[in-house]
Amino acid sequence: MSSTIAADTIEVMEQQDTGPRSAGRSLNAEEKRDIDREFSHYEDRGSVALEALRVVQKHRGWISDDTLYAIADYLGVSPTQLESIATCYQLIFRQPVGEEVILLCKSSSCWIMGCEKLQRHLEQQLGIRPGQTTPDGLFTLLETPCLGDCDKAPVMLVGEEMHRHLSADKLDEFIQEKKKHHADQSAD
Amino acid sequence: MLTNPLTKNIGEPGIVTTLEHYLENGGYRGWRKALHMAPDEIIQTVQDAGVRGRGGAGFNTGLKWSFVPRGKDAPPTRYLVCNADEMEPGTFKDRLLMEHDPHLLLEGMAIAAFAIGARRAYIFIRGEYHLAAARLETAIEEARGENLIGTHITGSDFQLDFHVHRSAGNYICGEETALINALEGQRAIPRAKPPFPQVSGLWGKPTVVNNVETLCNIPHLIELGVDWYKKLGRGEDGGTKIFGASGRVKNPGAWELPMGTPIREILEQHAGGMQDGLKLRAYLPGGGSTDFLGPDQLDLPMDYDAVGKAGSRMGTGTITVLDDHTCPVGLVLNLTRFFARESCGWCTPCRDGLPWAVKLLMRIECGEAQPEDLELLREQARRMGPGNTFCALAPGAAAPILSALKLFEQDFNDHITRGCCPYDQERQHIPLAV
């Protein structure tokens with residue numbers, strides 16, 4: 001990732017990481033159980049490296065250095081080996097990310113259909129560049145290679161949901177909706 | 001005669017074919033038939049039908065299977081891997097098949113696994129395809145529940161199990177040896193060949209890696225035979241193919257059509273022609289790593305050899321259309337940025353060459369280039385060409401650059417002489433954050 005996160009943003013996120021999501025340098029029973037479930041599908045423990053990273057990321061939101069060490073320990077692989085795997089996948093986050101990770105498709109068809117304009121709009125509305133997270137910890141913006149929905153371009157993926165035929169209006173609607181959703185949640 | 005074997009079960013967009021529906025429509029007949037055939041006979045059938053790899057390379061699938069060692073001395077453990085890491089820019093065909101008719105893929109995989117003697121089969125799916133992965137997992141449960149796969153396959157002592165491996169966003173995993181490394185839990189970089197995966201692949205065992213659409217071709221071929229399959233095609237190659245079109249056409253989409261359907265027919269009849277006020281400038285026949293072709297090449301039949309002879313590749317068969325209001329230099333820059341980002345870094349021409357190509361293209365697009373930069377870019381792209389790297393990523397990246405330099409020479413020159421991009425400024429590339 002060629003983008004950077006502002007130092008104060010990381011600070012905000014790291015403070016948040018001291019909550020229930022963070023388990024420090026060892027894996028909890030639930031995480032271990034989720035990883036154990038994967039072993040039967042592969043020939044050796046090391047082969048579940050990506051699955052393990054994904055499982056733990058689901059619990060903790062991202063993979064900190066401590067988390068990486070803990071997983072490596074559990075799998076019996078070296079931390080550098082695990083790091084070499086973690087860093088080759090865009091969906092494994094080695095930095096804190098927001099509640100909503102926006103994967104904006106930047107591939108050829110989406111580019112022809114105007115994704116640069118949409119990116120500018122998102123950057124303006126959220127006040128961040130790709131690779132950054134809003135100071136409130138709500139949104140992370142990432143550019144992504146082709147999402148394979150080119151006949152409905154431009155598109156983005158947020159969580160497990162595809163957003164298709166995007167326009168500036170649709171993006172505004174999306175941002176408002178998510179902000180409201182998270183405000184309601186924290187009010188509960 | 002059945003003419004749409006790949007999509008016959010696909011109705012409403014977004015609605016998945018359940019096992020019940022699949023069986024009602026004659027599903028798993030090919031698999032039941034295959035269980036009573038000799039593996040060699042299945043491989044021969046696939047080879048005779050000339051099923052060519054739909055991932056883009058177009059290699060004869062039966063021939064690929066035949067490279068797996070057979071006989072008493074062959075290693076008993078073998079693997080089948082379905083390559084569902086669809087990430088080629090402009091490609092959206094495997095998503096369609098997996099989200100709508102997952103059992104067709106499972107049936108094709110079952111037959112392929114039986115033919116090569118694999119008892120374990122993986123579906124390596126990109127991490128962004130959440131719905132497809134979930135639907136495949138459900139379909140596997142359904143098929144296991146009916147003893148179509150698993151440890152008690154009805155009418156056979158063959159055992160077969162499937163696992164969906166979700167990747168996490170990495171283009172190079174689509175390359176079969178990088179995919180194998182990734183499945184083993186290694187960093188996803190390609191392996192040197194030989195040995196080929198069919199002899200020594202996943203965990204050192206014989207392994208066949210086939211694309212989703214390729215495997216979806218198998219069930220009906222086994223059920224209905226080679227003659228039926230060959231008759232489906234309009235040209236040299238048999239069968240049907242999911243063709244698609246994206247870009248500023250009236251009706252972007254994907255359609256199952258006979259192999260060898262003329263490109264003009266795909267773009268004008270199915271995609272509805274260009275949006276009002278736009279003209280077709282050029283197209284990429286099958287993804288970001290194919291060469292641009294111009295409007296004078298619209299009457300080509302979409303099959304591997306015809307598009308190859310015209311100087312490009314059919315690739316994935318999903319066409320990206322470039323209109324006359326969109327900057328061709330900008331599009332090439334977009335593609336090159338993608339390849340530069342996705343280079344695994346193993347080979348120098350790719351790791352170092354692609355960022356240089358991006359820099360040059362950015363300079364040209366922004367109107368800051370010198371005339372000699374064009375030759376430098378051409379030279380750079382040639383160095384990324386075939387024979388200089390372990391895998392096809394860099395040669396694939398060179399294809400749109402070199403073809404664009406020929407086809408859009410005037411546009412490249414205009415950017416330099418005018419000192420700016422003459423096209424729509426709203427689409428101007430945003431420089432990467434530092």
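Buried means under 20% relative accessible area, exposed means over 50%, and partly exposed lies in between, with a 1.4 Å probe and protein chains only. By that scale B:Asn147 is partly exposed, because its relative accessible area is 30%. Welcome to a short tour of this predicted model, in which local features need pLDDT of at least 70, side-chain atom pairs count only at pLDDT 80 or more, and totals for chains, interfaces and linings use all residues. Residues are numbered from 1 along each chain as its sequence is written, chains are lettered from A and ligands numbered from 1 in the order in which they are written, and side-chain values use heavy atoms, with hydrogens and water left out.

**Layout of chain A**

- Chain A has eight helices and four strands; helices (H or I, at least four residues) and strands (E, at least two) are DSSP runs, numbered from the N terminus.
- Along the sequence, these elements of chain A come in the pattern α-α-α-α-α-β-α-α-β-β-β-α.
- Chain A is assigned domain 1 (18-88) and domain 2 (100-187), with bounds that come from an automatic or database domain assignment.
- The centres of domain 1 of chain A and domain 2 of chain A, taken over C-alpha atoms, are 28 Å apart.
- Of the 188 residues in chain A, 55% are buried.

**Backbone features to look at**

- As background, most residues other than glycine have a negative phi, and most peptide bonds are trans.
- A:Ala153 and A:Pro154 are joined by a cis peptide bond, with omega about -5°. A:Pro154 sits in the loop between strand S2 (139-144) and strand S3 (156-158) of chain A.
- In chain B, a cis peptide bond connects B:Pro194 to B:Pro195, with omega about 5°. The loop that holds B:Pro195 runs between helix H8 (176-183) and strand S4 (207-211) of chain B.
- A:His165 is not a glycine, yet its phi is positive, near 45°. This residue, A:His165, is in the loop between strand S4 (161-163) and H8 of chain A, and it counts as partly exposed because its relative accessibility is 46%.

**Salt bridges**

- Side chains of opposite charge can pair when their charged atoms come close. Here a salt bridge is a side-chain nitrogen of Lys or Arg within 4 Å of a carboxyl oxygen of Asp or Glu.
- Over all chains, the structure holds 42 salt bridges.
- A:Glu100 and A:Lys178 form a salt bridge whose closest N and O atoms are 3.8 Å apart. This pair links distant parts of the chain, 78 residues apart, with A:Glu100 in strand S1 (residues 100-105) and A:Lys178 in helix H8 of chain A.
- A:Glu100 is buried because its relative accessible area is 9%, and A:Lys178 counts as buried because its relative accessibility is 18%.
- B:Arg264 and B:Glu268 meet through their side chains in a salt bridge, 3.2 Å from N to O. The two are four residues apart in helix H12 (residues 263-270) of chain B, so about one helical turn separates B:Arg264 and B:Glu268.
- B:Arg264 is partly exposed at 30% relative accessibility, and B:Glu268 is partly exposed at 44%.
- B:Asp352 is partly exposed at 37% relative accessibility, as is B:Arg351 at 36%.
- A network of salt bridges links A:Asp149, A:Asp151, A:Lys152, A:Arg164, B:Arg95 and B:Glu99.

**A negative patch on the surface**

- A:Glu161, A:Asp169, A:Glu173 and A:Glu177 gather in a surface patch of negative charge. Patches are made of residues with over 30% relative accessible area and no salt bridge, with like charges joined within 9 Å and nonpolar side chains (Val, Leu, Ile, Met, Phe, Trp, Tyr) within 5 Å.
- For such charges, Lys and Arg count as positive and Asp and Glu as negative, while His and the chain ends are not counted.
- Helix H8 (residues 168-187) of chain A gives the largest share of the negative patch, three residues.
- A:Asp169 is found in helix H8 of chain A, and it counts as exposed because its relative accessibility is 56%.

Note on methods. Accessible areas come from the Shrake-Rupley method with a 1.4 Å probe; for residues, only the protein chains shown count as cover. The place of a charge is taken as NZ of Lys, CZ of Arg, CG of Asp or CD of Glu.
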